[in-house]
Amino acid sequence: MTARPVRSITVPPRLRVLEGRRPRRRPIAPWMVFTLVVVVAFVGLALARTALDRGAFELAELEARIAQAETENTQLRLEIARLENPARIAPLAEELGFVYPTQRRPLLVSGVVVDMRDADPRWIEIDRLAAAP
Amino acid sequence: MAARRAARAAPSVRSRLLVVGMALVLAWAGLGYRLVQVQVVRAAEYAERGLAQRLTRKTVAPTRGKIFDRNGDPLAMTVEARSIYAIPDQVEDPLLTAQEVAIRTGGDTADLLAALESGRNFVYLARQVELDVAQEVEALDLAGVYSHPEAKRVYPAGTVAAQVVGVADIDGNGIEGLEYAYDSALRGTPGELVLEQDPAGRVIPLAPRSIEPAIPGEDLVTSLDLPLQYTAQSTCADTLERTGAEQCWIVVLDAETGEVLAMAGAPTYDPELRRASDGGSFSNFAVRDMYEPGSTQKLITVSAALDTGVADLDTIIPDVADTYEVTPGACRSNEDDIYGCFRDFSPHETRSMTVREVFTISSNVGTIKIQERIPRDTLVEYMRRFGQGSPTGIDYPGEAPGAIGIDPGCSSCWASAAIGYSVAVTPLQMAAAYAAIANDGVWIQPHLVTGRIDVDGEVSTVTPETRRVVSERTAWVMRELLASVVAAGTGKAASVPGYRVGGKTGTADKYGPEGYTNQTIASFVGMAPIDDPKIVVAVVVDSPAPEFSTGGRAAAPAFSVVMEAALHRLGVTPDGITG
């Protein structure tokens, strides 16, 4: 007896309908938000940079104005010093008729206390010595 | 057949692909190697080279310090100016350019044209011109003509105190006077500005930059009083006009502090127009010029006698003639080079005199007799104590030391020195010597700068050297003697209304290249108020006309004017005012 392969009994698969998941659309909101953030950040950075640049130019301009004002200030100080120079004022005063007094007499104003620390009592001795023959 | 050919070709394609692949690998490897080289191995070097192309380093010049008088009025300051320059290769019409610039800057057209045609790459057309002048030139838009800012040193007081303040050159280096003496303090420390520029040379905003700021020079506060300085200077000029003298020098000292309140000379110069000056008036001869003081020296001789106790005010000097022969035969000789014959200024009978009288009438013979009582070394010692023979150490460059020219073998030199010959001094030395008497016998080093102000506003002050030269009592007695000279002696013209003044006249024959001449050096040194002196004034007049040849005629009137102004400026109470 010869062995024969047993014919396999194939059972047709039973078909069933599976409830498939509906393909979901990829969410775009986060991307939009992300993109928006990036764009806003970029624009913000650009604006900030522009503002900073503008500020830098304004600062440079202000510094230049300060330097100019300082220069003018120095020039004015120089002019004041030149105008106050006694070598300029004295001849002008003379032209206007101002003169040094030729005779002067010191006056004692009553009630005004004069510091007499300058008077040295030791001079009494010196005067006596000087008066000696 | 085709298949066989394809089979033969297959290895060829593969090998080509292999070659290309290898080439690509090599290329990428090369690029990678280079990338590593550039980005890793030599990254710092390339970064530095790149930065160096953009970075510009500029030296920031420090502002030179100001010089003030004691009231805060500026005597020297630095302002911004502009210098106009040209790149001759870019100048289209040199003649027109030279004319246009010359008209506006006051330059010489021929000089400017020569500069433009000199073949140089860069020439200055005008340096340190006013800003509005530079703007006028810039407005012309001349091809090849540009300007840049440059600091300019200016002297608002003009001729007043010019010889003391000195000058700085066009590059801001002090070359004379206080400008030179304090150059290192005044000039400051340069800074550095590092910034990035684009290829057109414009500064890139917000680019990294570093600033090492320049440290401005220190400001100097001097002891000079500008109005008093002007009075001294104008008085000197008047004295030249009045006496026909060649030069006049006035030194005003604060007796208690050694501060120089005024130091004036005539003729003088304007530091901003100094090129127009002949240069002869630049130097401050009050510090640098030496002269034989004549009778003003008697203060030291008599002080030495009083201080050593060999004489007092009432000591009688017997037999004072009007002629005294120290070297036998000197008075009978006609030889100019035989010294040793001394005469009083005016003839008088031989008689006894007190020390007071000798000093008051300024008797040469009497003073020599007083000197003969003092040991010789002692006299020289006192001369040195009073500051003769060595510089005072004032903060001014080129001070002359003076000289004590006493040869040990010279028989007449001691007598000469006693009356102000064989001794050379500067006007400042004599003022300081008299200030020692004014200051109760204590010599104070004269000085011009009383304080230095640094960038932080810190003020450093000066402490002058002091030393006692005679006792307090000797100083009192000498002041009394000086007062008698003005009250009843040769110095009456030095009196000041309202104040008791003391001083001494000096008249010395002027020594020239061929010996003594007929000209004189007339001087007066004194102090006031004599009870407690605040101010010392020394006036020296060089070669006045014969009718003004004495100190009493040439110098004493100038002393009176300056002393009065000084007393008023310092608010010194007149004598006789009591509470």
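**View 1. L62(A), an exposed residue of chain A in the predicted model.** L62(A) counts as exposed because 10 C-beta neighbours lie inside 10 Å, and the cut-off for an exposed residue is 12 or fewer. The model shown here and in the following views is predicted. L62(A) belongs to helix 1 of chain A, which comprises residues 29-84. Between the C-alpha atoms of L62(A) and T35(A), which stand 27 residues apart along the chain, the separation is 39 Å.

**View 2. Packing of helix 11 of chain B against helix 16 of chain B.** Helix 11 of chain B spans residues 298-308 and helix 16 of chain B spans residues 427-438; their axes lie 10 Å apart and form an angle of about 40°. Helix 11 of chain B is therefore oblique to helix 16 of chain B. The crossing of the two helices is left-handed.

**View 3. Residues at the contact of helix 11 with helix 16 in chain B.** From helix 11 of chain B, L299(B), I300(B) and S303(B) meet A433(B), Y434(B) and I437(B) of helix 16 of chain B. Five residues of this contact are nonpolar, one is polar and none is charged.

**View 4. The largest nonpolar core and the surroundings of Y434(B).** This core contains 134 residues, and I250(B), V252(B) and Y434(B) have the most contacts inside it. Helix 16 of chain B gives the most to the core, with 10 residues. Leaving aside residues up to four places away in sequence, Y434(B) touches L299(B), V525(B), M527(B), V536(B) and A538(B). Another core, of 14 residues, lies apart from the largest one and includes A98(B), V101(B), L112(B) and A134(B).

Key: Residues are numbered from 1 along each chain as its sequence is written. Chains are lettered from A and ligands numbered from 1 in the order in which they are written. This is a predicted model: local features need pLDDT of at least 70, side-chain atom pairs count only at pLDDT 80 or more; totals for chains, interfaces and linings use all residues. Axes are lines fitted to C-alpha atoms, for helices over the stretch in contact, and angles run from 0 to 180 degrees between N-to-C directions. Helices (H or I, at least four residues) and strands (E, at least two) are DSSP runs, numbered from the N terminus. Angles under 35 degrees count as roughly parallel, over 145 as roughly antiparallel, 65 to 115 as roughly perpendicular and the rest as oblique. A crossing is left-handed if the near helix is turned anticlockwise from the far one by less than a right angle, and right-handed if clockwise. Two residues are in contact if their C-beta atoms, placed from the backbone, lie within 7 Å. Ala, Val, Leu, Ile, Met, Phe, Trp, Tyr, Cys and Pro count as nonpolar, Asp, Glu, Lys and Arg as charged, and the others, Gly among them, as polar. A residue is buried if 20 or more other C-beta atoms lie within 10 Å of its own, exposed if 12 or fewer, and partly exposed in between; C-beta atoms are placed from the backbone. A nonpolar core is a set of buried Ala, Val, Leu, Ile, Met, Phe, Trp, Tyr and Cys residues joined through C-beta atoms within 7 Å.
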